[in-house]
Structure formats: C-alpha cells, structure tokens
Amino acid sequence: MAQRLEKTLYIGPFVHCESLAELDVCPNGMIGVDEDGKIAFILRSIKGRRFPNGEDWEEAKIGVILIDSDTHIHAPQYPNAGVFGKSTLLDWLNTYTYPMESSLSNLEQAARVYNRVVARTLSHGTTTACYYATVHVPATNLLADICQSRGQRAFVGRVCMNRMSPDYYRDESVESAVRDTKACIEHVKQIDPLYDLVTPIITPRFAPSCTPEALSAMGRLHHEEQIPAQTHISENKAECELVAKCFPSHKSYAHVYDSAGLLTPRMILAHAIHLSPEERTLIKNRNAKISHCPASNTALTSGTAPVRDMLNEGLTIGLGTDVSGGYTSSILSETREALFVSRHVAYNTGNDEAKLSVEEALYLATRGGAKVVGLENRIGGFNVGMDWDAQMVGLAGVGDTIGIDQTAGPVEIFGQESWEEKMAKWVYTGDDRNTTAVWVKGRLVHSRESFKP
Ligand SMILES: O=c1[nH]c(=O)c2nc[nH]c2[nH]1
C-alpha cells in the first residue's frame, strides 16, 4: 500500500538538467509535491505571488536540488571499497571480489553490508541504484527488503554465474540459476507487486562466467518477465580475449549478448571501453544502454571509455560507481571522475572535444541515468507529474570544518558566483556533507542531521 504523504511546498532555488549541455536554474521557485510524492506544480518565480489556494500545504525551504542515479553498483563488494592494490579485472575478481561476495551467504553479514551500503549511497544523494547482489537467494531478497524499507529506488539483481567461477561461489547448473533467479523475482513481486520502488533485474555476471545456455536462459527470463537486465561488456582487454575464446563462433562480445536475446532497450551494459565501431552500432540499433564507470576503469587500469564518441553516435549513457572496482559509492565523486577521465581521453587522442563540461557530466548523473534505467518519465528532473526524487544540496557553509565553503573573513566563497560556477564548485569540491536531505517518491529518506552510518 503506497504511503500517503503531507502535501508539501518546497521553496527556494532549484537546478536540474534541461539537456546534455544546459542546466535549468530557477533561483527563486516553488515546487508543490502531492500526497503521492509527485510534482503537482512548479512556479518558476514566487516573487509577488501568493501560495496556491490549496490551503493545507506544508512548507519546506530547499537549497539546490538535483537527482542522481547510480546505474551500476555491486552492493556485496562495499566492504572492499578502496581495496584493489595493483590488480586488474580478472585477478581482482579472484583475489578480492569472489571471496567477499561469497561471504554474504551469511545473512548476518549480508544485513550489515546491505544496510550500510543503502544508507551510505542515500547519504550521497543516490535516489536510484542498480544493484548487483550475489548468487544467494536469501541475501539478494534481503537487499530488496532493505531498499524497500529504507526507501531507495532500486533494481536488485541476483547474479548468474555458472562457469569460470570458484567452486565455492557459483551456480550449480543452468536449471538452478533459473530457479534461483525466479525465486528472487517472486520475492520482489511479494514486497512490491507493481515494482513501484524495487524492481528485479536479470543479472548474468558477464559472458565469461556464463555458458551460452545460461545466457540464453537469462535472455528468455528477461523477455518473459518483462524486467530489465544488466551485465558487463568490454571492460578489460584480457576479458575481451577470453570472450573471443569462449564464444569462437560469435562475431564480437556485443554479438554474444545479442544472440542470447539480451541486447535490448532494457539492457544496461557496464563499462563499454573497448567496443569496436561495429559493436557500438549494434548496441545503438538495439537501443541498449551504457553505464560509464570512470573511477573503476581507472582503478583497475581497464582503460578510458570514449564517452564523447558514444554520445555523438547517439548512445544513451549514465554513470555507475561500480563499487568496489570503483573506490567510491558517491555518484558526485563519480561525476568528477567522468570529467577527469574525459580530459585524459582528450589528451591521449589530441581531441579537445572529448572533454566533458560540468553540465554534461551532471546530465549523465541525472537525466542520463534515468534514461539508462528506463525511468526518464518519472525521475531525473523536475517536471510536473514526475516523482519527487531529489536531494537538497547546501552550498553555503555547512560547518566550520569544511574549508572549501568559507573564506577566512566574513565573505563566503559560495554566493558571489554565477549559478554555473556554484555548480562547478559543488561538483569539484563538494561531498556528502553538502547533501543535507534526500527524498524518494516524496518521502524523506536521508537527512544529514540524523545520519548514522
Ligand atoms: O567491474 C567489475 N566488477 C565485477 O564485479 C565484475 N564481474 C565481472 N566483470 C566485472 N567488472
């Protein structure tokens, strides 16, 4: 049963992405959110206007607001964030990742990790997260329960991996993988029948860890259940060579997923660094989506994704923290990493056009992410009829301890600049201390004052 909320007026400046290159800034506006958590109206200027005659509206002051989606994050890997040494993908999986994931067969451990990662990502302003869980049914179901009770919009996937995985951590067979995946789908149907907040997502780990039969079975479930899917593609050169060896009759890595019925408009492909132009054309033609994970791509020395080229080709791209290949669970940090990686691409290719602007990176983190998860009509910006998924960002000093916000004298650094400059300062120097409140579907799901990680 959907929770009824107080009708609330949010008053103050708000900012969202109008298009890839443009921020829409409304310095003195008002947004009315109804009992269902939807935006009922937007007034762009409240100067000289009276509040609507709706009477019993609660009033709340807001700061600057944006909406963030993390389109790729491994919840069970959260305790390993920052721990990767000098490893690269394939040895990192064996050394750090599989042992950590397998430890979540213990439900107490799973409860600790999943409560922490959901609370932490909410504190960073992640209103929507696409989670990979583990192979374990009870722990995956627990992650769905925790997202539901903490109020985070989430896609929760039980990982399918039936080969090239350790004996202690794998699916026994295609049949057991299908049975267990269905059990997790059924669980979400029980707790959220309309997939209003939590949605199950088909999650074959990546081509090397799935037999062709397992990939095809996941493709069938993706179609039968009409739910989204997620996997990894072309992250690391050794991985690409392995895929060519495992699937010798396929033209390319992208073709492996295509022939399993997995390259669809509801597929989220993480990384997409080393794709050939033909593969990118195939992905574009299938309207599959891309999750760009720059922090992880740098940490595991995987490479630099050609984001500008992919945008120019019309691919749909969002950002993913990819914890714990990525060291940070903050989508704001990821936005910064996307900006820096695009500068490395510009330097290495001699093409200055490759550089992303702050506005473009914010678009990828907000509207781009919403498109990647197929919710662009509900989240990602402020439009009448959309859900109130938002974060309040305090741009003024949030405490004497935060050096970035204040000069030594009485003049605040924030306050003198244009709105574009304010947003750039937030992106490059801000952190979760600036995220003072977060709402999903109109419900307050994080407030900095009461946050206990
Ligand atoms: O960044 C990554 N994280 C993972 O857990 C994974 N599994 C396969 N490929 C992967 N890449």
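**Domains.** I began with the division of the protein, which is split into domain 1 (8-66 + 382-450) and domain 2 (68-372), the bounds coming from an automatic or database domain assignment. The model is a predicted one, in which local features need pLDDT of at least 70 and side-chain atom pairs count only at pLDDT 80 or more, while totals for chains, interfaces and linings use all residues. Residues are numbered from 1 along each chain as its sequence is written.

I looked up the separation of the two domains and found their C-alpha centres 30 Å apart. For the interface, I noted that 23 residues of domain 1 are in contact with 25 residues of domain 2, contact meaning that the C-beta atoms of two residues, placed from the backbone, lie within 7 Å. On the side of domain 1 that touches domain 2, the elements that give two or more residues are strand 1 (8-17), helix 13 (419-429), strand 17 and strand 18; helices (H or I, at least four residues) and strands (E, at least two) are DSSP runs, numbered from the N terminus. Helix 13 gives the most to this side, with 4 residues. By class, this side of domain 1 has 12 nonpolar, 5 polar and 6 charged residues, where Ala, Val, Leu, Ile, Met, Phe, Trp, Tyr, Cys and Pro count as nonpolar, Asp, Glu, Lys and Arg as charged, and the others, Gly among them, as polar.

I then traced an open sheet of 4 strands, which follow the order 5-16-17-18 with antiparallel pairing; two strands pair if DSSP finds at least two bridges between them. Strand 5 (64-66) and strand 18 (443-447) are at the edges with a single partner strand each, so one side of each has no neighbour in the sheet. Strand 17 (residues 435-440) and strand 18 run antiparallel and are joined by 4 bridges, and I found Trp-439 opposite Leu-444 in strand 18.

**Ligand shell.** Which residues are around the ligand? I listed His-74, Leu-89, Leu-93, Thr-97, Arg-205, Phe-206, His-232, Glu-235, Ser-296, Asp-322 and Gly-325, a residue being near a molecule if its C-beta atom, placed from the backbone, lies within 6 Å of it. Helix 1 (residues 89-102) gives the most to this shell, with 3 residues. Sorted by class, the shell holds 3 nonpolar, 5 polar and 3 charged residues.

**Single residues.** Is Arg-367 buried or exposed? Arg-367, which lies in helix 12 (residues 358-372), is buried because 22 other C-beta atoms lie within 10 Å; a residue is buried if 20 or more other C-beta atoms, placed from the backbone, lie within 10 Å of its own, exposed if 12 or fewer, and partly exposed in between. I also noted that Arg-367 and Asp-68 are 299 residues apart in sequence but 8.2 Å apart in space, C-alpha to C-alpha. Leaving out residues up to four places away in sequence, Arg-367 touches Cys-17, Glu-376, Gly-380 and Gly-381.

Ala-370 is also in helix 12 and is buried, with 26 other C-beta atoms within 10 Å. Its contacts, again not counting residues up to four places away in sequence, are Ser-69, Leu-375, Glu-376, Ile-379 and Gly-380.

Last, I looked up Leu-339 in helix 11 (residues 331-349), which counts as buried with 20 C-beta neighbours inside 10 Å. Leu-339 and Glu-35 are 304 residues apart in sequence and 38 Å apart in space, C-alpha to C-alpha.
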